[in-house]
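Here are my notes for your review. Please read them with the model open.

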Amino acid sequence: MIVLLLGLVGCKSNSNSKDNGKLKVVATTSIITDLLHQIGGDAIEIQGLMGSGVDPHLYKASEGDVNKLFNADVVFYSGLHLEGKLVDIFERMEKQHKNTVAITDVLDRKELLASEQFGSNYDPHIWFNVGFWKQITQYVTDKLKERDPENAELFAENSKQYLKELDALEVEIKAVIETLPKEKRIVVTAHDAFNYFGTAYGFQVLGLQGISTATEAGVQDVQQLSQFIIDNKVKSIFIETSVPRRNIEALQAAVTSKGHNVSIGGDLYSDALGTNGTVEGTYIGMFKYNVNTIVNALK
Ligand SMILES: [Zn+2]
């Protein structure tokens with residue numbers, strides 16, 4: 001009987017071993033999915049819910065997603081109400097003692113930007129500060145080690161390597177930004193995803209839609225922002241890949257109607273990465289692409 005019980009307990013603690021023995025991990029956004037690939041590599045089984053170009057503020061879970069979430073060994077999500085329509089599901093999962101990790105839990109709330117537009121009262125777009133992303137890398141590594149101690153060494157090694165790459169990323173983007181005169185460091189985009197970027201790297205940032213895409217931009221917002229663009233001689237404004245382009249085109253039209261010109265400086269990746277398998281399909285590639293696009297368009 002004891003042997004039997006032990007056997008059962010053994011089975012239970014290895015419930016993830018049902019198919020291939022790998023820890024089954026589910027992530028919400030493509031940005032978190034990339035981080036899990038960097039740290040977990042092939043040692044874990046990773047499923048990302050949101051692909052390239054998907055807006056996390058508006059994303060609703062399908063029945064298939066709910067199954068994936070409840071069957072995972074551990075679920076990583078951003079938190080701070082970034083995934084606004086999934087909050088209820090995560091609360092339900094926590095009540096059932098499912099393993100969920102809000103990656104932003106590790107960040108000191110005093111360092112976050114306040115925002116009344118989110119239930120969390122904070123701006124959730126924290127990944128645009130590389131320093132925060134390093135803290136999160138460490139946190140996610142620790143969580144994976146807890147869940148899958150057999151691979152702890154591998155996770156630690158991958159994490160160490162990745163943190164070095166993030167250090168190099170910071171050095172590189174700061175050097176690129178240095179080439180842009182200070183008075184030209186103004187980023188106007190579709191929605192307010194770049195406030196942490198602005199604070200960390202010295203840009204003034206204005207989003208046409210508030211901080212979440214769940215609130216529509218009004219005519220007044222377009223008028224005010226177009227006047228700001230003219231007053232500050234802003235050369236280019238930016239589309240975001242996860243937000244419809246029509247809003248930024250309306251803003252451009254408003255500037256034109258006042259007898260001025262502003263170009264569309266390119267598409268930035270804000271809340272979602274580029275296509276899988278491309279350079280912009282990784283956090284580091286996305287970050288470099290954004291900075292190069294911004295700096296080249298504003299010069
Ligand atoms: Zn956003």
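**Notes on the metal site and the aromatic pairs**

1. The zinc ion has 4 donor atoms around it, and they subtend angles of 94 to 120°, so the arrangement is tetrahedral. The cut-off behind that call is that all angles lie between 85 and 135 degrees. Bear in mind that this is a predicted model.

2. Which residues coordinate the zinc ion? They are His-57, His-125 and His-191, each through NE2, and Asp-271 through OD. The distances run from 1.9 to 2.1 Å. Along the chain, the donors follow the spacing H-x67-H-x65-H-x79-D.

3. The pair His-191 and Asp-271 links distant parts of the chain, 80 residues apart. His-191 sits in strand S5 (residues 186-191). Asp-271 lies in the loop between strand S8 (263-268) and helix H10 (283-298). His-191 is buried, at a relative accessible area of 0%. Asp-271 is buried as well, at 2%.

4. Now the rings. The whole structure holds 13 aromatic pairs. In one of them, Trp-133 and Tyr-283 are stacked, with 5.0 Å centre to centre and 20° between the planes. This pair also bridges distant parts of the chain: Trp-133 is in helix H5 (residues 130-147) and Tyr-283 in helix H10, 150 residues apart. Both Trp-133 and Tyr-283 are buried.

5. Tyr-283 also pairs with Phe-287. Their ring centres are 5.7 Å apart and the planes stand at 70°, so this pair is edge-to-face. Both residues lie in helix H10, 4 residues apart, about one turn of the helix. Tyr-283 has a relative accessible area of 0%, and Phe-287 is buried at 1%.

6. Ring pairs join Trp-133, Tyr-283 and Phe-287 into a cluster whose members also include Trp-127, Phe-128 and Phe-194.

Note on methods. Residues are numbered from 1 along each chain as its sequence is written. This is a predicted model: local features need pLDDT of at least 70, side-chain atom pairs count only at pLDDT 80 or more; totals for chains, interfaces and linings use all residues. Side-chain values use heavy atoms; hydrogens and water are left out. Donors are N, O and S atoms within 2.8 Å of the metal (3.2 Å for Na, K and Ca); water is not among the atoms, so sites may look incomplete. Four donors count as tetrahedral if all angles lie between 85 and 135 degrees; four count as square planar and six as octahedral if opposite donors are over 155 degrees apart and all others between 65 and 115; anything else is irregular. Helices (H or I, at least four residues) and strands (E, at least two) are DSSP runs, numbered from the N terminus. Buried means under 20% relative accessible area, exposed over 50%, partly exposed in between (1.4 Å probe, protein chains only). Rings of Phe, Tyr and Trp (its six-membered ring) pair if their centres lie within 6.5 Å; planes under 30 degrees apart count as stacked, over 60 as edge-to-face and the rest as tilted.
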